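I begin with one term that the later remarks on side chains rely on.

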Amino acid sequence: MKKIIACILIFLTLLGPAYSDPIEYEYEPYEREEFPIWSLELRRAETIFFGSLVLTFPLAMGIYSLASNLGMPTPSEDYQRVLQQALIAGGLSLVIAGTDWIIGKVSGD
């Protein structure tokens, strides 16, 4: 019975797109004034924040490892260590995104 229900569900899933109407539309690029400036700044900050995590997470792991080897007290649980490293990486990425925002405001872009 389960095999029959699975076959029917697969058949219905594959059959739906075969009989649907294609969507025909023209791509329209966004206008410069279509979004408020704060949303563009927020999107830029978000992109820089998450993009810089690729660099700051290994850096945070290295800093954390160096500090723990030099005598910094570290938690015994692995998840707490990873959480601390993620918080360090997030803080560094936040500083990078904030610095970019300040440079943008000062330069007038």
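1. A residue is called exposed when its relative accessible area is over 50%, buried when that value is under 20%, and partly exposed in between. By that scale Y30, with a relative accessible area of 59%, is exposed, whereas F35, at 37%, falls into the partly exposed class. The model under discussion is a predicted one, and the values in this note should be read accordingly.

2. As to secondary structure, the chain contains three helices and zero strands, so that, read along the sequence, its pattern is α-α-α. The radius of gyration of the chain is 25 Å, well over the 13 Å that the globule rule gives for 109 residues, and the chain is therefore more spread out than a compact globule. Taken along the principal axes, the box filled by the C-alpha atoms comes to roughly 65 × 50 × 15 Å.

3. On burial and surface, buried residues make up 9% of the 109 residues in the chain. The chain exposes about 9700 Å², and 68% of this area is supplied by carbon and sulfur atoms.

4. On contacts, if one takes those in the chain with a separation of 6 or more, 76% of them are accounted for by residues 24 or more positions apart. I63 is found in helix α2, which covers residues 37-69, and with a relative accessibility of 43% I63 counts as partly exposed.

5. On aromatic side chains, a search of the whole structure finds two aromatic pairs. One of them is formed by Y30 and F35, whose arrangement is edge-to-face, at 5.1 Å centre to centre and with 70° between the planes. In the pair of F49 and F50 the ring centres are 5.0 Å apart and the planes stand at 85°, so this pair is edge-to-face; the reasoning rests on the cut-off by which planes over 60 degrees apart count as edge-to-face.

6. On charge, the chain carries 7 positive and 13 negative side chains. The centres of these two sets lie 13 Å apart.

Methods:
Residues are numbered from 1 along each chain as its sequence is written. This is a predicted model: local features need pLDDT of at least 70, side-chain atom pairs count only at pLDDT 80 or more; totals for chains, interfaces and linings use all residues. Side-chain values use heavy atoms; hydrogens and water are left out. Helices (H or I, at least four residues) and strands (E, at least two) are DSSP runs, numbered from the N terminus. The radius of gyration is taken over C-alpha atoms; the globule rule is 2.2 Å times the number of residues to the power 0.38. Buried means under 20% relative accessible area, exposed over 50%, partly exposed in between (1.4 Å probe, protein chains only). Contact means heavy atoms within 4.5 Å. Accessible areas come from the Shrake-Rupley method with a 1.4 Å probe; for residues, only the protein chains shown count as cover. Lys and Arg count as positive and Asp and Glu as negative; His and the chain ends are not counted. The place of a charge is taken as NZ of Lys, CZ of Arg, CG of Asp or CD of Glu. Rings of Phe, Tyr and Trp (its six-membered ring) pair if their centres lie within 6.5 Å; planes under 30 degrees apart count as stacked, over 60 as edge-to-face and the rest as tilted.
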